[in-house]
Amino acid sequence: MALATPAQAASGCGNVRVPGASKQELSCLDDLTTTGTLVTGHTVQADWAGLTSAGLPAPKGVPGIQIDGYFPDTSTANTAHGWNHDAQFVLRLPDRWNGGLVVTGSPGVRRQYANDRAIGDQVLAAGYAFAATDKGNTGADFHTDGRRPGDALAEWNSRVTQLTIAAKAAVAHRYGRLPSRTLAAGMSNGGYLVRWQLENRPWLYDGGIDWEGTLWRADGPNLFTFLPPAIKAYPAYVAGSPQAHQRILDAGFAPGSEFLWQYHNDVYWGLTQRIYQAEFDPAFTGTDYDYATRPPSARRAVERISLTGRIGKPLITLHGTLDTLLPITRDSDVYQRMIAEQGRAGLQRYYRIVDGNHVDGLYDAFPDKLRPIGPCFRTAFTALEGWIDGVRPPVSATIPRGDGDLATSCALN
């Protein structure tokens, strides 16, 4: 890692501190985007593999400071840098700063570099400072962190809050003033974190982008109400059972998404159910999980981290109609209704992206059947900026597939 030289430190490159960090390493880079950090070793491509399509535009030429480090923690699953220490973060501070800060938490159970390509590249090119956290625990065994069910996931929320506060102070140290706007952004579990922050810590942010965020509700729907029936029915579906096919549809998976079922069954469904069941309901030892018949302790664990819809700052939500991990009718459709029930509908714009899937990497395999959401995120981010400046974004809508180069463009009207 290229650390700041004494001359760089004297020029102001090496004097930035992240408050509360137990360790930090500062690098002065010619390019903070993945175009540059892939060459210098300041990102980890495996952390963001599969999340974006190959054709997503890749900016370059954003010089500035990168700070890698970690906050105090007792868990050790994150092996990045050889630190074997969780609560790792990355903070990037461009030389040409536009006055803003974007804070993210990683999708899935990935590490702190997971948003570099999908989110970091765009916002850095626009002049924002960019901060990302590993959420305090990583990997398929994340559920072993904490003392009681739900602790590991609850830590995700506190780590995003911690990073937001620290990053604001570091930005002020670097540029001489606090950010004029702070935005939360994330996909999947990162989208859940945006929702939770705007519900519970809205004073820290000016708005957020929720890209197919995970919906947690103690009484459902949640992934325990739609994954188990799909997993159970899938073998019979493969054998040709119409009844099994209907059971998967009834669980919430969209008609027309069948071509994605094998991949998601092989890669996502079983693993996702297993690791989150271990987090919220570790007493379960069977094979066919049925959330409705589990003891109240499982619901209480989910309730600790559940969403309410009571957002306090503008939120733009994106969700694909062919999402085959978090089906849209069981997730963002429901969250939109929750926000409306809380009297906060005016604070949300919700764009349903026709043929969008949970991860954009599959667009490269099925370009005639899917559309990537990455370009829609970029358009939505610009719309959020305008919204904060007083220009209302397009009304909530289902966005048709459209024509043109879907890997690079997306209109929200």
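This tour moves through the structure stop by stop, naming what to select and what is found there.

The model is predicted, so local features are described where pLDDT is at least 70 and side-chain atom pairs count only at pLDDT 80 or more, while totals for chains, interfaces and linings use all residues. Residues are numbered from 1 along each chain as its sequence is written, and side-chain values use heavy atoms, with hydrogens and water left out.

Begin by selecting Thr182, which belongs to strand E6, residues 181-187; helices (H or I, at least four residues) and strands (E, at least two) are DSSP runs numbered from the N terminus. Thr182 has a relative accessible area of 1% and is therefore buried, where buried means under 20% relative accessible area, exposed over 50%, and partly exposed in between, with a 1.4 Å probe and protein chains only. If neighbours within four places in sequence are set aside, the contacts of Thr182 include Leu101, Val103, Thr164 and Lys168, and also Leu204, Tyr205, Asp206 and Gly207, a contact being heavy atoms within 4.5 Å.

Select Arg177 next, in the loop between helix H5 (151-175) and E6. Arg177 has a relative accessible area of 43%, which means that this residue is partly exposed. Beyond the neighbours within four places in sequence, Arg177 is in contact with Trp97, Gly99, Val171 and Ala172.

To find the largest pocket, select Gly108, Val109, Tyr268, Thr272 and Leu325, which lie nearest its centre among the 21 lining residues. On a 1 Å grid over the protein atoms alone, a pocket is an open set of points where a 1.4 Å probe fits, with protein on both sides within 12 Å along at least five of seven lines, and lining residues have an atom within 4 Å of a point. The volume of the largest pocket is about 410 Å³, a volume being the space filled by probe spheres set on the points, which are joined across faces, edges and corners. Helix H9 (residues 261-280) supplies the largest share of this lining, with six residues.

The second largest pocket holds about 170 Å³ of space. Select Pro228, Pro229, Lys232, Asp288 and Tyr289, the closest to its centre of the 13 residues that line the second largest pocket. Helix H7 (residues 223-238) gives the most to that lining, with six residues.

**Salt bridges**

The structure holds 16 salt bridges, each being a side-chain nitrogen of Lys or Arg within 4 Å of a carboxyl oxygen of Asp or Glu. Select Asp121 and Arg117, which form one with closest N and O atoms 3.3 Å apart. Asp121 and Arg117 are separated by about one helical turn, because they are four residues apart in helix H4 (residues 116-125), and both of these residues are buried.

Now select Arg304 and Asp151, whose side chains meet in a salt bridge at 2.9 Å, N to O. Arg304 lies in the loop between helix H10 (296-303) and strand E8 (315-320) and Asp151 in helix H5, so the pair ties together parts that are 153 residues apart in sequence. Arg304 is partly exposed, at 33% relative accessibility.

Finish with Asp73, Glu155 and Arg159, which are linked in a network of salt bridges.
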